[in-house]
Amino acid sequence: MKNGLKQLGKAICYFALFIGMQFAVNFGYMFLYSFMLGMKMAAGEVIDPNVLAEDMTQYILKQSNMITIIAGCLTLLVLWIFFLIRKKNLIHEVNIAAISGKQAAYIIVLGIALSVVV
């Protein structure tokens, strides 16, 4: 029971790291887009605030796939560095075991479904 709770806690931490990376990358994209709009406004272009909010929303939605890819890569990089520093083996730490093809298919479908939700 104690080991199961420990593993659940680790899984929650990995998930929280990914969500935090999603938030950070999303914030970075919003910051860059805001900066570009600010430069346009500094050049004299008048932008309606209602249009501004809609434009930013559309920009973020168009970039959502790239945001997810970048966040995933950054998450893997942070985990790789984390395990290097701690001198731990990732496979041992997460208790990876052999699975059947049927289990792999379920995991892939679940991964895609959760990716869509995130």
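The following dialogue explains how terms are applied to this predicted model.

Guide: In this predicted model, local features need pLDDT of at least 70 and side-chain atom pairs count only at pLDDT 80 or more, while totals for chains, interfaces and linings use all residues. Residues are numbered from 1 along each chain as its sequence is written, and side-chain values use heavy atoms, with hydrogens and water left out.

Visitor: How many helices and strands does the protein have?

Guide: There are five helices and zero strands, and the order from the N terminus is α-α-α-α-α. Helices (H or I, at least four residues) and strands (E, at least two) are DSSP runs, numbered from the N terminus.

Visitor: Why is the protein called more spread out than a compact globule?

Guide: The radius of gyration is taken over C-alpha atoms, and the globule rule is 2.2 Å times the number of residues to the power 0.38. For 118 residues the rule gives 13 Å, whereas the protein has 20 Å, well over that value, so it is more spread out than a compact globule. Along the principal axes, the C-alpha atoms fill a box of roughly 60 × 35 × 25 Å.

Visitor: What makes Q22 count as buried?

Guide: Buried means under 20% relative accessible area, exposed over 50%, and partly exposed in between (1.4 Å probe, protein chains only). Q22 has 13% relative accessibility and therefore counts as buried. This residue belongs to helix α1 (residues 2-42). Contact means heavy atoms within 4.5 Å; leaving aside neighbours within four places in sequence, Q22 is in contact with I67, T68, A71 and V118.

Visitor: Why is T75 called buried?

Guide: The relative accessible area of T75 is 7%, so T75 is buried. T75 lies in helix α3 and touches L17, F18 and M21, not counting residues up to four places away in sequence. Between T75 and M21 there are 6.5 Å from C-alpha to C-alpha, although they are 54 residues apart in sequence.

Visitor: Which residues of α3 are buried, and what covers them?

Guide: I67, A71, G72, T75, L79 and F83 are buried in α3. Their cover includes α1, α2 (49-62) and α4 (90-93).

Visitor: Why are M66 and S100 called partly exposed?

Guide: M66 has a relative accessible area of 40%, and is therefore partly exposed. M66 is in helix α3 (residues 64-86). For S100 the relative accessible area is 36%, so S100 is also partly exposed. S100 is placed in the loop between α4 and α5, and its C-alpha atom is separated by 40 Å from that of Y29, 71 residues apart along the chain.

Visitor: What makes α5 lie largely in the open?

Guide: The number of buried residues among the 17 of α5 is zero, so α5 lies largely in the open.

Visitor: How do you know that the span of α5 is close to the expected one?

Guide: The expected span of a helix is 1.5 Å times one less than its number of residues. Helix α5 (residues 101-117) reaches 24 Å from its first C-alpha to its last, close to the 24 Å expected for its 17 residues. For α3, with 23 residues, the reach is 33 Å, close to the 33 Å expected.

Visitor: What share of the 118 residues is buried?

Guide: Buried residues make up 15% of the 118 residues in the protein.
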